[in-house]
Every structure is written in C-alpha cells, then in structure tokens.
Amino acid sequence: MNCVYLDYAATTPVAPPVAARMAQCLTVEGTFGNPASAGHEYGDAAAQLVEAARAQVAAAVGAKAAEVVWTSGATEANNLAIFGTALYYQESGRHIVTARTEHKSVLDPCRELERRGWRVSYLSPDREGMLDPGQVAGALRPDTVLVSIMHVNNEIGVTQDIAAIAALCAESSAARLHVDAAQSFGKCPVDFGALGVDLLSLSAHKVYGPKGAGALIVSGERGARLAPLQYGGGQERALRSGTVATHQVVGMGEAFALAKGPPPSEIERIALLKERLWEGLRSLRGVLRNGGARAVPHLLNVSFEGVEGESLLAAVRPSIAVSTGSACTSINQEPSYVLRALGRDDRLAESSLRFSIGRFTTVSDVDTAVVAVTRALERLRRIAGT
Amino acid sequence: VTYSELTRRYFDDAACVGVLAGPDSFRGAAGSRAQGTWVQFDVQVSSAPRSGTTIHAMRFLAFGCPHVIAVSAWLAEQAAGREARVSLPESIQSLRERFGIPVDKLGRLLIVEDAWIAAMRTATGAPVLESRPQQPHV
C-alpha cells in the first residue's frame with residue numbers, strides 16, 4: 001500500500017517484538033498448552049506466560065495483577081463493566097450516568113439497559129468536548145450504580161478530568177466509576193491506583209499489540225463487584241469464562257510493557273508532527289478544529305466547510321488513510337454523533353477527518369497529508385461552487 | 001465504500017465543471033447543500049427556448065457524494081451535440097447499473113435527474129410543473 005497511514009487511533013501495526021513473542025505461543029515447538037490445564041507442564045508453562053502478561057499489563061497502568069481480567073478487547077471490557085455492574089447492583093439501584101460522546105461500546109450497552117428498565121442520564125459536553133466534573137456530580141442520584149466516562153475521546157482526543165470525577169463520585173455516591181481508557185494508555189499517563197476509579201477498559205491493538213485482546217481492570221481495593229456475562233469454565237475469577245488465548249494476552253503484555261511511558265522525545269515528536277499538520281491545514285479556508293488544543297498529542301480532528309464528507313474521504317483516500325470518525329462507526333456513513341454533540345451541524349460533522357499519528361509517522365507523511373487535503377478541498381469546492 | 005472504475009474515473013477527473021453565461025444558456029438546479037446533495041446544470045443550446053434544439057455545451061456544479069459528482073460529470077460530457085430533451089438520456093435505473101451505485105443512493109440520483117429536468121425545461125420551453133420552480137435565465 002502506497003498511501004500514508006494516519007489512522008493510528010483506529011489501530012496500529014503489531015510491533016515486531018510483540019509478534020515474535022506471540023508466535024512462540026502457537027506451534028508445537030512453543031508454549032501452546034491450555035493455561036487452565038493444571039495437570040501437566042504444557043499447561044503450567046502457558047499459565048506462567050499468561051500470569052507474566054497479566055503482571056506486565058498491571059504494572060503498565062498502576063494496577064495489581066489480580067485486578068486484570070482478560071477480554072477480547074475494549075468493547076468486551078466495556079460491556080462487562082456496564083452490564084456486569086448493572087446486573088450485580090440491580091437491587092441497589094438502576095440508574096447510570098454517562099456522556100453523549102462516549103464510544104458506541106458504552107452507549108449501546110446503556111441503550112440496551114434502558115430497554116430492560118434501567119434509567120440512563122446522558123451528559124452533554126461543552127463545544128470542545130469537555131465535561132465539567134460538576135455535571136457528573138449533579139447527575140448522581142441515590143439509585144445511581146454506575147458512572148461511565150471515557151478518558152480520551154476516540155474521535156476528537158480530548159482528555160476528561162477523571163481524577164476530579166472520581167473524587168466527586170466518591171464524595172457523593174456509592175456509584176462505581178468505569179473509565180474507557182482504550183485511547184489513552186500509551187499516549188498520556190494512566191495510573192489506575194491514583195485515578196481512584198473502579199473499572200478501567202484497555203485495548204491491545206491501539207498500542208502496537210494484537211487485535212482481539214483487551215482487559216478490564218477491576219479494583220480489588222475499592223471492592224468493585226461484577227456479575228459475569230458468560231459462564232463455563234470459571235476462568236478469570238469466573239468473570240469471563242473461556243480458554244484464555246495465551247498468544248493474545250502475551251502479545252498484549254509485551255505491547256503494554258513497550259508502550260508504558262514512551263520517552264518524552266517521542267511524545268514531543270508526535271506533538272510537533274500534529275502541530276505541523278494543523279499549521280498546514282489551518283491556512284486553508286473554512287477549516288475548523290474539533291476538540292481544540294486539549295486533544296492528546298497524536299490526534300487531530302478537523303471539519304472542512306464547503307465539501308461533502310464522503311467525497312472528501314474518497315478524494316484523499318488514494319494518498320492518505322484517515323477516518324471520518326471512529327473506525328467503529330465510519331462504516332455507517334452517518335455524521336459523527338460526537339461532533340453533533342459538540343454542536344457541529346450535520347454537514348460539518350460529515351465533512352470531518354480524524355488524523356491520528358503514530359510511531360512510524362514521518363514529517364514527509366504529514367506533508368503528504370497536507371498536500372492531499374489541500375488538493376481535494378480545492379477541487380471539490382470548485383465542483384461544488386462553494 | 002468502494003466505487004466502480006467508471007465512478008472513480010469521473011469523480012477523479014470530472015470534466016465540464018463550471019457555469020455557462022449568455023443568452024443561449026439556461027440553468028436548472030435541485031437539492032440543497034444543507035441537505036447534503038445539490039446539483040446544477042447549465043445548458044447552452046443552438047436556439048432557444050424551443051423543442052428540437054441542439055445542446056452546444058453543458059456545465060455542472062455538484063455538492064454531493066462521488067456517485068452524484070460522477071453521474072453529473074458524465075451526463076454533462078455526453079450532452080454536447082445531443083438534442084435537448086427534458087428526459088435524461090438514460091433512465092435512472094440504467095445510470096445506477098452503469099455506475100454501480102447502491103440502491104440506497106437512489107434518492108441522490110433523483111436529485112441529479114431533477115436538476116437535469118429543470119435545466120432542460122428552461123432550455124426547451126417545456127411546461128414547468130408547479131412543484132419544480134423555473135430557474136432564472138442566466
């Protein structure tokens with residue numbers, strides 16, 4: 001493929017050391033045993049790798065190894081957190097607080113719980129996508145059992161003040177706090193213990209690990225409890241039955257160990273690339289930045305006036321790989337609900353591009369993107385007469 | 001979304017983009033940018049408005065998806081030298097098949113057709129339906 005990849009928020013390539021470790025768990029020469037087979041050394045060897053990976057993930061996010069529950073990714077982790085909490089605490093209350101700009105894997109479970117009789121309060125962020133922690137406190141009720149707020153927004157990259165939200169929740173409610181951190185780990189500090197949250201969702205493939213691997217961190221110190229969503233085997237403290245995919249979690253552990261605390265020079269390099277990209281785009285007429293300057297260093301979301309969204313994406317597609325929203329929703333070809341929640345009209349929400357920069361992005365890649373967008377805008381605006 | 005080779009070609013290299021001016025030029029438009037699809041055709045005819053006249057040139061502007069742009073560009077390119085007629089030179093169904101357009105985009109194709117009809121009505125002097133207001137003479 002010749003086009004420049006600027007969609008690292010959608011997924012990342014697996015790092016070669018991660019792939020190598022995973023490969024060691026697949027074949028007869030490697031550690032292929034079932035980690036739940038405690039009766040022989042094949043199983044023991046696999047279990048040791050799984051536990052070592054658990055310790056790697058826990059260490060990377062400031063949690064204890066026993067708090068890590070393997071899942072197939074952040075979507076499953078979010079589902080387990082939301083349904084698991086709602087079901088476990090259903091006798092205590094049936095009210096949930098979340099935000100309109102959450103990922104679909106949070107919003108859709110909330111919608112499903114509403115269908116089953118739970119009540120959900122959807123908070124509206126400001127025009128930059130930020131929630132005032134006071135909004136969360138104001139939405140809490142005696143029957144609130146769960147607050148679910150993402151750390152870094154997957155479309156616009158803004159970072160919520162989770163520590164402040166956690167403090168307010170702890171002060172005024174018994175509600176559990178769940179945080180979707182799929183987009184934040186590896187890009188900004190994530191310290192589970194210090195944040196004071198109950199549940200934290202993680203994904204491997206956003207940080208050069210494999211797809212199909214994730215984890216839910218369940219606070220032992222805070223006594224978070226969940227009802228399991230699947231049964232059979234009792235793996236993962238009976239919270240997630242099913243054979244643990246050794247190669248996947250080993251890959252996640254390795255990726256998290258590598259991604260923990262990227263050197264300041266790399267963070268600065270990525271931030272400079274994003275600013276170079278923004279400087280190149282902002283000189284064009286009718287360009288609006290979504291999420292403002294509060295976005296994480298690797299992500300830039302921009303709306304373009306006077307062009308239709310699908311045509312814009314089609315026009316830049318031969319040169320650059322970007323997204324019109326989150327990868328999980330862009331296949332729907334609908335205006336971004338996140339941008340609409342921020343007050344963008346349908347046309348601007350449609351004509352937005354999410355650029356996300358990663359480990360392999362170069363200055364030349366960014367300059368290619370600026371040229372591609374400039375040409376596309378000029379051509380489509382000429383065709384549209386705008 | 002994947003596009004047919006024909007769609008990709010006419011989207012990437014859309015010819016006949018622009019407007020026409022002069023006493024023999026007529027305009028028709030349909031849709032709205034605010035709603036996501038808008039198309040305008042300008043048609044220049046030999047002597048107008050009357051039926052049986054020949055199209056000298058056609059230009060278009062389009063705000064819409066690649067299919068809308070490609071079909072509009074193709075229609076404008078094919079128009080020169082043809083007799084000016086209110087109906088499209090091909091049916092919507094035929095255009096949809098020619099360009100490999102998904103059925104859920106039929107509504108957008110109908111906007112292209114409405115713009116074409118509006119332009120041709122002004123150029124040929126054909127009766128204008130109440131629901132399709134005549135565009136001003138360019």
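Is A174(A) buried or exposed? In this predicted model, A174(A) has a relative accessibility of 72%. The cut-off for exposed is over 50%, so A174(A) counts as exposed. The residue lies in a loop of chain A, between α6 (162-172) and β6 (176-180). L107(A) and A174(A) are separated by 67 residues in sequence. Their C-alpha atoms are 22 Å apart in space.

Strand β10 of chain A spans residues 299-304. This strand is mostly covered, with 6 of its 6 residues buried. The cover extends to both faces of β10(A). On one side, L299(A), N301(A) and S303(A) are buried. On the other, L300(A), V302(A) and F304(A) are buried as well.

Strand β10(A) pairs with β9 (residues 287-290) of chain A. The two run antiparallel and are joined by 4 bridges. Within this pairing, V302(A) of β10(A) stands opposite R289(A). Strand β12 (residues 352-356) of chain A is also joined to β10(A), here by 5 bridges. This pair, too, runs antiparallel. L300(A) has F355(A) in β12(A) as its bridge partner.

The cysteines were also examined. Over all chains, the structure holds 0 disulfides. C110(A) is in no disulfide. The nearest cysteine sulfur to that of C110(A) belongs to C169(A) and is 14 Å away. A disulfide requires the two sulfur atoms to be within 2.5 Å. C110(A) has a relative accessible area of 0% and is therefore buried, the cut-off being under 20%. C3(A), by contrast, is partly exposed, because its relative accessible area is 26%.

Technical notes:
Residues are numbered from 1 along each chain as its sequence is written. Chains are lettered from A and ligands numbered from 1 in the order in which they are written. This is a predicted model: local features need pLDDT of at least 70, side-chain atom pairs count only at pLDDT 80 or more; totals for chains, interfaces and linings use all residues. Side-chain values use heavy atoms; hydrogens and water are left out. Buried means under 20% relative accessible area, exposed over 50%, partly exposed in between (1.4 Å probe, protein chains only). Two strands pair if DSSP finds at least two bridges between them.
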